[in-house]
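Biologist: Could you walk me through this model slowly, starting with the terms I need?

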Amino acid sequence: MTSTPWWKEAVIYQIYPRSFFDSNGDGEGDLPGITSHLDYVQKLGVDAIWLSPFYTSPNKDGGYDVANPRDVDPRFGNLSDFETLIDRAHELSLRVVVDIVPNHFSDRHAWFQAALAAGPGSPERNRFHFYDANPDGTPPNNWISLFGGPSWTQVEDGQYYLHLFDSSQPDLNWENNEVRDDFEKTLRFWLDLGVDGFRVDVAHGLVKENIRENHPDPQGLSDALRLDVDMDIEKRNALLMSVPFFDRQGVHEIYRSWRKIFDSYIGREIMAVAEAWVHPPINATLYVRPDELHQVFNFDLLTAPFDEDFLFDVISRSIALTATVKALPTWALSNHDSPRVASRIGDAQSRALAVFVLALPGSAYVFAGQELGLPDGKLRDADRQDPAFLRTNGEVKGRDGARVPLPWSGEQSPFGFTTGTPWLPIDPLWKSLTVEVEDLDPQSTLNLYRQALTLRKIHLTGVEQMQWLQSSNSEVKSANLLIFQRGPLQITMNLAEHAQEIEAKGQVILISSGSLEVHGEKWLLPPYSCIWSLN
Ligand code: GLC
Ligand code: CA
């Protein structure tokens with residue numbers, strides 16, 4: 001008998017360590033701060049936590065610039081704090097997923113320092129992408145960094161190195177076996193410490209092609225890769241098909257070799273989830289073929305408008321695409337790289353959508369603070385730290401707004417997050433959004449998530465299929481409604497800003513906001529709401 005692996009339908013809670021809880025008053029969250037609040041996470045009803053990087057890092061890109069992938073940065077604690085964290089999590093039946101950042105190291109990594117010292121043509125430089133300048137002194141090609149500016153930085157002896165992200169994040173050369181061996185070592189290092197899985201950063205980026213060639217439209221490509229730039233869809237798609245540094249076929253062989261390592265930890269059910277922004281969307285499924293990784297993030301909902309046609313299409317497509325490789329989809333409404341869903345679509349809308357999505361088949365990711373209904377923090381430019389802000393001279397505001405620390409308790413900012421000064425200011429208005437306040441309020445977003453997660457476990461575990469019952473695309477045309485059945489539950493979302501009547505069926509067990517009026521055989525759904533009914 002094979003039982004369903006834990007991750008297949010798991011709800012995974014993403015913690016951005018710097019912003020979760022500060023245990024020592026230096027203004028930054030840390031590992032002991034997480035450990036001391038795991039009971040809160042468990043009570044929420046999630047199955048696992050995913051920790052964004054806490055490795056040794058100069059922190060130029062929120063820790064995604066790793067200087068030593070097998071140690072803890074002192075700002076977060078040390079390895080023994082990590083062991084305590086993992087023990088406590090396992091005691092509470094929470095699995096632990098950690099980030100792995102294979103596309104690049106920090107320029108503070110010993111390898112990069114050695115490469116600078118060793119000079120052109122050396123084996124040390126071959127671990128990265130060092131190239132000579134063009135005869136006219138320009139960089140080897142015209143690619144633009146994802147954070148803005150050129151993808152190349154010149155070193156003293158005239159060579160350039162490639163960095164798809166910040167100049168402090170030199171890309172690694174995955175054709176070099178030392179790179180491969182080093183990452184295998186890192187995987188085993190964390191697996192031996194007891195982690196249950198990995199979130200693979202920029203999983204689609206490891207292999208580059210045609211490095212010595214210019215792209216015909218580097219600015220267009222850069223805009224196409226930026227979600228905050230509006231662009232004609234055909235044009236964007238055409239450009240996305242031409243990225244020479246993403247989604248090259250060579251990456252899959254790397255994940256096949258990783259899978260062998262994961263599977264060698266018998267009985268542990270190790271999982272890995274790929275961050276892979278690829279086009280066309282079917283390509284994402286290649287990362288979760290049976291001998292590769294286990295999940296791939298689905299980013300569609302991070303940018304989706306609160307619109308029934310759009311949601312119907314992207315949800316149907318995700319389910320259909322992952323079914324082609326016998327995998328289940330994943331869902332995320334927020335993460336550390338995008339605006340928070342409550343700010344993006346509105347408070348009631350985000351509650352409705354969250355409850356809707358938590359009823360879908362597959363696995364769901366919840367970004368810490370989402371369960372409180374946090375909006376993006378309002379920041380002054382002087383507070384911003386995102387390299388995307390710094391590299392574009394402020395043209396791109398960057399991702400700091402989603403990374404503001406969590407409000408825990410009390411009346412005044414920083415609301416128990418720290419006894420010192422938080423690394424990003426916390427809005428005084430968040431006093432109504434603290435864990436303390438929401439815990440006691442039965443109508444709070446926090447208690448809505450708790451209820452949804454409890455009911456999901458009870459009614460939806462093991463139910464892989466869902467059927468649309470009514471949508472704007474179905475025969476029964478009804479505007480602003482999405483309805484599906486999954487197992488014993490009917491999920492109905494009213495996307496209109498006014499109340500709408502539907503046929504009563506079964507018993508309502510969850511409502512995202514407002515209250516339901518019963519009119520004979522009809523239910524009147526409040527504006528922007530979602531209900532679960534049991535039939
Ligand atoms: C991923 C991370 C993001 C980081 C980038 C470079 O997209 O989620 O935060 O800036 O990789 O490592
Ligand atoms: Ca701290």
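Modeller: Let me begin with a polar contact, which is a pair of N or O atoms within 3.5 Å; within protein, one must be able to donate a hydrogen and the other to accept it, and residues adjacent in sequence count only if both atoms are side-chain atoms. This is a predicted model, where local features need pLDDT of at least 70, side-chain atom pairs count only at pLDDT 80 or more, and totals for chains, interfaces and linings use all residues. Residues are numbered from 1 along each chain as its sequence is written, chains are lettered from A and ligands numbered from 1 in the order in which they are written, and side-chain values use heavy atoms, with hydrogens and water left out.

Biologist: OK, which residues come nearest to ligand 1?

Modeller: There are 14 residues around ligand 1, counting a residue if one of its heavy atoms lies within 4 Å, and those that come nearest are Asp61, Asp201, Glu275, His336 and Asp337.

Biologist: And how far is the side chain of Asp61 from an oxygen atom of the ligand?

Modeller: An N or O atom in the Asp61 side chain is 2.7 Å from a ligand 1 oxygen, while His104 has a polar side-chain atom 2.9 Å from an oxygen atom of ligand 1, and for Asp201 the distance is 2.9 Å. On its own, ligand 1 has 310 Å² of accessible area, and the protein covers 96% of that; such areas come from the Shrake-Rupley method with a 1.4 Å probe, and for residues only the protein chains shown count as cover.

Biologist: Switching topic, which peptide bonds are cis?

Modeller: One of them runs from His279 to Pro280, with omega near -5 degrees, and another runs from Ser413 to Pro414, with omega near 10 degrees. Pro280 lies in the loop between β10 (271–274) and β11 (295–296), and Pro414 is in the loop between α13 (387–391) and α14 (435–440); helices (H or I, at least four residues) and strands (E, at least two) are DSSP runs, numbered from the N terminus.

Biologist: What about Asn393, what is its phi?

Modeller: Phi of Asn393 is near 50 degrees, a positive value in a residue other than glycine, and Asn393 also lies in the loop between α13 and α14.

Biologist: Is Asn393 buried or exposed?

Modeller: Asn393 is exposed, with a relative accessible area of 74%, where buried means under 20%, exposed over 50% and partly exposed in between (1.4 Å probe, protein chains only). Asp247 has a positive phi too, near 60 degrees, but Asp247 is buried, with a relative accessible area of 7%.
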